[in-house]
Amino acid sequence: MNQVEATNIRENLRKLAAKPHMATTKGDQDLVKLLLERWNDPKSGLDKATEMRYDVFLSFPDPEKPNKVAVVLENNTEVFASKESEEKLTSDQEDPNIVKPYAAYGPPGIAEGKLVYANQGKTSDYEFLLSQSIDLKGTIAITRYGGAGRVAKAINGAKFGVIGVVVYTDPADINDGKSSPTETYPHSWYMPGSGVERGSFKTGFGDLLTPYFPAKNFTYRIPEDQISGISTIPVQPIGFEDAKVLICNLDGPKAE
């Protein structure tokens, strides 16, 4: 433990997180090169470090057509649209390679329907809505992270006729209740209102085509039409400031 230095940890983390590095991008390749150089350093590195290739099944958004959630009137007038990217609060957020919010492995498509608040998207949450005589068929559920896995919110909803799911991070869950611009990043480590949590919307472990096995060139791959554990309906994550606008304009009794 005497060899662990907080300064080195801080600087290493700053270097590793300096640029976007989603898998297969140049940022990812540059990061691999940096790590290999450090781990193969004869003075401070490991005994040996090598690069291994894996052929994985990945999901990417269309950079030319970013996803969004919109409220459209019957005359096709758009009266609200969620932010297609986070607000740029610091200079490092100007990087053009920052990936816009999307739900990895979520199916493409446009879902149109009435919005309903479904808490955490658990089966019990959808059952509660039914008990309140709310017809979920053809609706879009807005849910908050927690309680159920990311993709479970959509898988559960689809069983009740929901055709799309919106997910947001509630500041009460991750920000100790703090949500104002002066209380969140860059003034603290709390997520700002436009911040969007990204991640894989799938169940199981490992690659979708080689579940529970390494995705090597010699590994058997299941056909893509046999993939399980992913959503069959569109899903989109948004920031909590956009979620607030949507939720506060819903009708019905106050959620408890």
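The face of helix α6 turned away from its buried side carries K244 and C248, both exposed (over 50% relative accessible area; buried is under 20%, partly exposed in between, with a 1.4 Å probe and protein chains only). Helices (H or I, at least four residues) and strands (E, at least two) are DSSP runs, numbered from the N terminus.

This is a predicted model: local features need pLDDT of at least 70, side-chain atom pairs count only at pLDDT 80 or more, and totals for chains, interfaces and linings use all residues. Residues are numbered from 1 along each chain as its sequence is written, and side-chain values use heavy atoms, without hydrogens and water.

**Helix α6**

Helix α6 covers residues 240-248, and its buried residues are F240, D242, A243 and L246. Seen down the axis of α6, these fall within an arc of 150°, so they line one face of the helix. The arc is taken from the directions from the helix axis to the C-beta atoms.

**The sheet**

Four strands form an open sheet in the order β4-β5-β6-β8, with parallel pairing. Two strands pair if DSSP finds at least two bridges between them. β4 and β8 are the edge strands, each pairing on one side only. On average, neighbouring strands are turned by 25° against each other, direction ignored. Strand β5 (residues 140-144) runs parallel to β6, joined by five bridges. T143 has V167 in β6 as its bridge partner.

Contact means heavy atoms within 4.5 Å. Axes are lines fitted to C-alpha atoms, for helices over the stretch in contact; angles run from 0 to 180 degrees between N-to-C directions.

| Helix | Strands | Angle |
|---|---|---|
| α4 | lies across β5, β6 and β8 | about 150° to β6 |
| α6 | touches β4, β5, β6 and β8 | about 110° with β8 |

**Nonpolar cores**

A nonpolar core is a set of buried Ala, Val, Leu, Ile, Met, Phe, Trp, Tyr and Cys residues joined through side-chain atoms within 4.5 Å. The largest has 17 residues; Y126, L136, A141, V162, V165, F201 and V235 have the most contacts inside it. α3 (123-131), α4 (150-159) and β6 (164-168) each supply at least two of its residues. Apart from this core lies another, of ten residues, including V69, I142, I238 and L246.

L136 touches V116, Y126, L129, L130, F160, G161 and V162, leaving out residues up to four places away in sequence.

**Annotation**

An unreviewed UniProt entry places "domain: PA" at residues 112-200. Over residues 112-200 the chain is 26% helix and 17% strand, with the end C-alpha atoms 23 Å apart.

Conventions
UniProt positions renumbered as here; feature names shortened; annotations may be inferred.
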